[in-house]
Amino acid sequence: MAEIELKTAPADFRFPTTNQSRHCFTRYIEFHRCVAAKGEEAGDCDKFAKYYRSLCPGEWIEKWNEQRETGTFPGPL
């Protein structure tokens, strides 16, 4: 996988507080929905990948990836 430059996600009016947990989760879901709709190679999805990778702790991402693989992910993909 190509090296991705991480930048802070832009401000989102849906998440006005300093607790960014929900923002992280939403961006993770948006990325995987985008990939499902447009395919793995779609450049349109890169921004969502950058956003969730800059917002989410690595442990959460690993856990969610495992849950998606086993079909137990709690979010709407």
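Biologist: What kind of model is it, and which residues count for local features?

Modeller: This is a predicted model, in which local features need pLDDT of at least 70 and side-chain atom pairs count only at pLDDT 80 or more, while totals for chains, interfaces and linings use all residues. Residues are numbered from 1 along each chain as its sequence is written, and side-chain values use heavy atoms, with hydrogens and water left out.

Biologist: How many disulfides are there in the whole structure?

Modeller: The search finds two, a disulfide being a pair of cysteine sulfur atoms within 2.5 Å. Cysteine 24 is bonded to cysteine 56, with the sulfur atoms 2.0 Å apart. This pair links distant parts of the chain, 32 residues apart: cysteine 24 is in helix H1 and cysteine 56 is in the loop between H2 and H3. Helices here are DSSP runs (H or I, at least four residues), numbered from the N terminus.

Biologist: And which cysteine is bonded to cysteine 34?

Modeller: Cysteine 34 forms its disulfide with cysteine 45, again with 2.0 Å between the sulfur atoms. Cysteine 34 belongs to helix H1 and cysteine 45 to the loop between H1 and H2, 11 residues apart. In sequence order of the bonded cysteines, the pairing is 1-4, 2-3.

Biologist: Which hand does each link have?

Modeller: The link of cysteine 24 and cysteine 56 is right-handed, with 120 degrees about the S-S bond. For cysteine 34 and cysteine 45 the torsion is about -85 degrees, so that disulfide is left-handed.

Biologist: Are those cysteines buried or exposed?

Modeller: Cysteine 24 and cysteine 56 are both buried, and so are cysteine 34 and cysteine 45. Buried means under 20% relative accessible area, exposed over 50%, and partly exposed in between (1.4 Å probe, protein chains only).

Biologist: Turning to the core, how many residues are in the largest one?

Modeller: The largest nonpolar core has 18 residues, and those with the most contacts inside it include Tyr28, Phe31, Cys45 and Trp64. Such a core is a set of buried Ala, Val, Leu, Ile, Met, Phe, Trp, Tyr and Cys residues joined through side-chain atoms within 4.5 Å.

Biologist: Which element gives the largest share?

Modeller: Helix H1 does, with seven residues.

Biologist: What does phenylalanine 31 touch?

Modeller: Beyond its neighbours within four places in sequence, phenylalanine 31 is in contact (heavy atoms within 4.5 Å) with Cys45, Phe48, Ala49 and Tyr52.

Biologist: On to the rings: how many aromatic pairs are there?

Modeller: The structure holds nine. Rings of Phe, Tyr and Trp (its six-membered ring) pair if their centres lie within 6.5 Å; planes under 30 degrees apart count as stacked, over 60 as edge-to-face and the rest as tilted. In one of the pairs, tyrosine 28 and phenylalanine 73 have ring centres 5.6 Å apart and planes at 45 degrees, so the pair is tilted. Tyrosine 28 lies in helix H1 and phenylalanine 73 in the segment after H3, so parts 45 residues apart in sequence are tied together.

Biologist: Why is tyrosine 28 classed as it is for accessibility?

Modeller: Tyrosine 28 is buried because its relative accessible area is 0%.

Biologist: Finally, how do histidine 32 and arginine 14 stand?

Modeller: Histidine 32 is buried at 13% relative accessible area, whereas arginine 14 is partly exposed at 40%. Leaving aside sequence neighbours up to four places away, arginine 14 touches Thr26, Arg27 and Glu30.

Key: Helix = DSSP H or I, 4+ residues; strand = E, 2+ residues; numbered from the N terminus.
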